[in-house]
Amino acid sequence: CYPGQELANNYSLNTVDICPVGALTSTDFRFKMRVWFLKETDSVCSSCARGCNLTVGAREGVIHRFTPRRNDAVNSDWMCDAGRLNFRWVHDARRLREPVRAGAGGTAWEDALGACRRLLEAARGRVAILASARSTTEELWLTRRLARALDCDLFDVVPRRGEDDGILVMADRNPNTAGALLTGVAANPPGARLEAMRAAVREGKVEALLAVGECAVKAGIPEGDLAKLKLLVATDLLASRTTELAHWSLPGAAHLEKWGTFVNGLGRMQRFFPAFPPPGAARADWEILAALLPEPERSGLASFEEVFRRMCAEVPAFDGVSWEGLGSGGRRIELPKEAAAS
């Protein structure tokens, strides 16, 4: 370091990657695991809309480190420290592990999905969907299909904003806002319909609310208003006040535990792979959303491959995209002005 200066910034851990002799090490990883024991999986950072390419180093279902993966169109060889260390939540003790029905405890997936599907269909026309720009593009496409099937026009994602550091960190702290816009789930601008959703719940115009990967309470819907709903279904990773209030709580999977894509703020569609299975009976959210679709909407959507293919065939921006064609570096997608501006 320069005399009198500390190596203390959001990119300091990149020195560990480029140190030619291994003298510089990360205190977060040092002496924790032998690198040759780690299984490495290609993935994408979900901390902001940049979507830095990374490699997940895991063993026996436990993540031990993230390291940047080269992609000259996104992050070159670098990533910020905040994104590099953003994986502890995957192993949080609050992870949801089985479907839960309020007052009855854990239940089988078939019973939970069947009941939720019937109840949502019964509330058709009086349903709101709180979606997430942290969901995969495939899950957002399924969310839009579900909204259409339920005659739901109150749906949107929860925006997250911070400061753009002019290097890698982007102001949009969601990894897939562009995907939400391209699939038609997000309003323009994202979050614009949330106030109308809050008002509809408050005024009793909404009978059922489906929260997909977001806490409705944190999104500004008071607990008292949620308690008035005839049906509250929440799918999420971690227990929250919303999952506690939900009539049905369904455990989802982190993007590190499933197949999927994000479209970053630069308009690049990037794929990622599961590093290990989700805990307990938790399932990938695309499986949950596909199962909630009424017949015949869910026909032929039993595999991720089919979901991805159908999505690319139906969303104009993804015309001609194939899983193999995305490769390790992703593919440039033409973004609408509102997506590029987000």
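Predicted model: local features only at pLDDT ≥ 70, side-chain atom pairs only at ≥ 80, totals over all residues.
**Pockets and a buried helix**

The largest pocket in this structure has a volume of about 750 Å³. Its lining comprises 31 residues, and those closest to its centre are Arg 134, Arg 160, Gly 213, Asp 236 and Leu 237.

Let me turn to the second largest pocket, whose volume is about 220 Å³. Here 18 residues form the lining, with Val 16, Ser 26, Phe 29, Arg 65 and Arg 84 nearest the centre. Two elements, helix H1 (14-18) and strand S3 (62-68), each give two or more residues to this lining. Strand S3 gives the most, with four residues. By class, the second largest pocket is lined by eight nonpolar, five polar and five charged residues.

My last topic is helix H9, residues 285-292. Why is H9 described as largely enclosed by the rest of the structure? The reason is burial: seven of its eight residues are buried, so the helix is largely enclosed. The cut-off for buried is under 20% relative accessible area. The buried residues of H9 are Asp 285, Trp 286, Ile 288, Leu 289, Ala 290, Ala 291 and Leu 292.

What covers these buried residues of H9? Among the helices, the cover includes H3 (109-122), H4 (137-149) and H10 (304-314). Strands also take part, including S8 (208-212), S9 (231-236) and S10 (248-251).

Note on methods:
Residues numbered from 1 in each chain as written. Heavy atoms only, no water. 1 Å grid on protein atoms, 1.4 Å probe; cavity = no way out; pocket = protein on both sides within 12 Å on 5 of 7 lines; lining within 4 Å. Points joined across faces, edges and corners; volume = space filled by probe spheres on them. Nonpolar A, V, L, I, M, F, W, Y, C, P; charged D, E, K, R; others polar. Buried < 20%, exposed > 50% of the residue type's maximum accessible area, 1.4 Å probe, protein only. Contact = heavy atoms within 4.5 Å.
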